[in-house]
Amino acid sequence: MFAPLSTPTPTPTPTTASRVWLVSPGVTNLHHIILYRKEELSAVLGMAVRDVGVGTCHEIVPITTQEDTGAAHGTSSRTARRTARQAAYSCKDGCWVRAALGEGFSVVDAHTSAVVGPRVEVLTTCGCGNTAPAHHTICTPYTCLNGGRCVPTSTGTRCICPHNTWGSRCKVVIRHFEGGGGGWAWVPPIPHCTEVHLSMEVLTRSGAATLLYSGSDQGAAGAVSDLLLLELRQGRPSLLLDLGGGPVTLVLNASYSLADNTWHRIDLIWKDQLVEMIVDLCTGGSLNEPPILPANPAHNHSASSILPDAHTCRGAARLPQGTRVLNAGGPLQVGGLAHPPSAHILQGNPSSPRPPHFHGCIRNLRVNSQLVDLGSEVLSRASSPGCVAADCLSSGLYCGLHGRCQGSPGSLRCECQPGWSGPGCATPTTPTTFLLNSYVKLALSFTLLGYTTSISLRFRTWRRRGQLVALASQHGRDSWSVEVMGGRLCVVLHLHPRPQTSLCLSRASLTDGRWHSLTAARYGSATFLTVDDGDGDLYNASVVLEGRQMLEVDGQEGVHVGGTPEYAGVTVFNIHRDYHDGCMDDLRISGRGVPLSPAVNSTAWGQASVLKGVEQGCGAPPACANVSCRTPLTCVDTWRSYHCGCGEGRVLTSSQTSCDDEDECVWQPCLNGGSCFNTQPGYVCACPAGFSGQHCHLPDVGETSLKLSLAALVAIVVWCTFLLLLICAFLLHQHHRRSALRRGAPNDKDDTVTCKEQVSPPCSHTPNLLELQLLKPPRANGQPAWTKNPNIAAVDVLQVDNASVTSSMEDQKRCNASPAAPHIKHKGDKDGGTLEAEKKNGVSKGQVCSPPAGDDLRNYAYEGDGSSPGSLSSCKSSWGSSTGLESCSGSAKFLGGFREVAHMLES
């Protein structure tokens, strides 16, 4: 709403206000952006921007014309607030306003030109309006949040949500705030309701911080507005609330500080002129940590009956008479104030002229059952979606595709989503079918705490009545149960002597034959019921901490799944609240998995003691048998029910004569740059590197911790290529070197050199060895040669010592000086044989003398069969010459008595 700027005078003069409607498709927080820049926009336009948004409850006053509307806005602030009170009193639960297209058109005539546009009207109604519609029948730019893709279905719409978003609309429920940088975020305002329940969870180490603020913005002079300010002071919550009758302060002196880097919950409730603040639902600690259950049932009665001190966790104050609705009008500011506070705050809170900004994380901000989106589309500064300190993956803990992170920093853990179990939450659980007159009685191996209990399970049914789970004390005096009553899911609590109370999801139809996940929690007499994503109509709470708070559950006889049996003696007489023709799965009591027979009869936390009328699995007989549908429709089985349609992935044509394949790729269901390929039926997403999942919505585990830029990737590729070339060059060099060594081998005639031509190593070789060889000479007349002379042994021993080095060198010189020795073939040599001495010393046909090998193990031939020069027969053959035995002594000496053998041979 705009008004011309006027010169300040002692007496303000009324001015005419005009309403301007702005539309920006796809921008959900346009009014917040304009409100944040209101002063700058006023200076640029040369007129004052009074209000931004549709308006508050004071527009419910029966004023229909624009002139009357302008006059109403020209009244003083106190008169407007009084009018708002009267309007609120005219409605029982509050009021809400919205903009809608009216009938006709608006015409603005400016002399030579005219502007024609649709007429926009402000509609007001009684009741506590929701911030967003519960169901969307068509896809709009605002149906799915935070980058989600909207896909129309036969029953409405559904959202394909990115990773780290929650619920059917892809909300982000957690946000981190940087306190030093003045972090804050703007979310939709608190609705104008006579009964408001606001809850949130905080994680911080700062003892002083602003958590929530709703009131006048930018500290405008003379602005008077209702006010809500929630702070932390010395780690304890402090509330300042003004609903128009004057400020009320409420401070809790909790026994522990909330600034301990642990998740803590704060609840604010005002109704019937009473405001109440509760910390951690009076559990005495963080709700996010699992309760420590006693292990020994014989010694746990006193431990489970400890009642928390309500004076340190809960506080209440009376509101002034006639104040019921918060008419702040502006956004709800989370984590800090975007602009300096108004004088109203300073008067009501003089000790803190400017509340400090919050540093830490806030999650699950809920206003009247609606989860507030804290994602990227909210107007903010120095804050961002998510919380690294409470993220398991950032701490090196991977929960898998079907796990979720729970706990506080330092105690993070993974819990399996409903329907999954086992290591890595990769094993689906097995459901149980309940037939007519069926039930399962469980015997727990642990004792439930008397103050708090929770039940979670999955169920599926078409029946509109029946009991799912019941917990009762001994003899059934006190009880708490989850039931289906008239097609609505309810929790029923009975703490004697108080009357029985129930809490239901009255606007959610859950008996539709589909799987639903529920969680029912009890904290004393306060009860909470959540189904599926727990947003909007799928959540309800009753926080009434009055009267008895303890429920002592009989873990051996008081836990029933399905109906509750009534006994007549030892036999079952009747089944009360029978849950039949339905299925249940993955039952957990206080976070502990308990068995569901017959698939599982016992776990570490309990066993099934009695069961009747249950079956494993959740099958159903074919529902389409003997069912005919008109052409072109076919029968579609929907688990114990059916309907006529085209089937999955097919739609009825406009002529109603055929069913065609639906191209789901038109709705772009693949996220993160994935490519969609239409199939019949359905579609397939081809995911880029780093993402996976049916819709490419899951980042790979390795990709979440390592993000490289394009320049870094190019540099890595270049260095890897260079290293590969370097390795190839080295291997090629080694290959050429080995080839050269092979070409320089002794067998190559071109490279043959004599011993004289060799410089290093020297051609001479110094043998120093002892050779022993057992000889088997030929038999003479069938007898060995030495059998006639016992002095001859069948051992040929040759010792070559250092004394023969000189003679060996001389032999080498003679060898080099003389021509190559001709090849000699002894008598008795086989064809193709060569002298062993020639082979051993490297002398062969056509070759010069080569130095002997370092270690020469010689094979000595038999006598007369090509003996080598080093054998005894070689010496004997030389004895006929002039040298005789001395020819052998130059290079070898015989040992011991073998010299006598040589003389005998010589003679």
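Arg588 is buried, and Asp586 is buried too (buried means under 20% relative accessible area, exposed over 50%, partly exposed in between, with a 1.4 Å probe and protein chains only). Their side chains meet in a salt bridge, 2.8 Å from N to O (that is, a side-chain nitrogen of Lys or Arg within 4 Å of a carboxyl oxygen of Asp or Glu). This is a predicted model, where local features need pLDDT of at least 70 and side-chain atom pairs count only at pLDDT 80 or more, while totals for chains, interfaces and linings use all residues. Residues are numbered from 1 along each chain as its sequence is written, and side-chain values use heavy atoms, leaving out hydrogens and water.

Side chains of opposite charge can pair when their charged atoms come close. Searching the whole structure turns up 16 salt bridges. One of them joins Arg314 to Glu546, at 2.7 Å from N to O. Arg314 sits in strand 16 (residues 314-318) and Glu546 in the loop between strand 34 (539-542) and strand 35 (559-562), so this pair ties together parts 232 residues apart in sequence (strands are DSSP runs of E, at least two residues, and helices are runs of H or I, at least four, numbered from the N terminus). Arg314 is partly exposed at 23% relative accessibility, and Glu546 is partly exposed as well, at 40%. Glu276 joins Arg314 and Glu546 in a network of salt bridges.

Another salt bridge links Arg413 with Glu415, with the closest N and O atoms 3.2 Å apart. Here Glu415 is partly exposed, with a relative accessible area of 28%.
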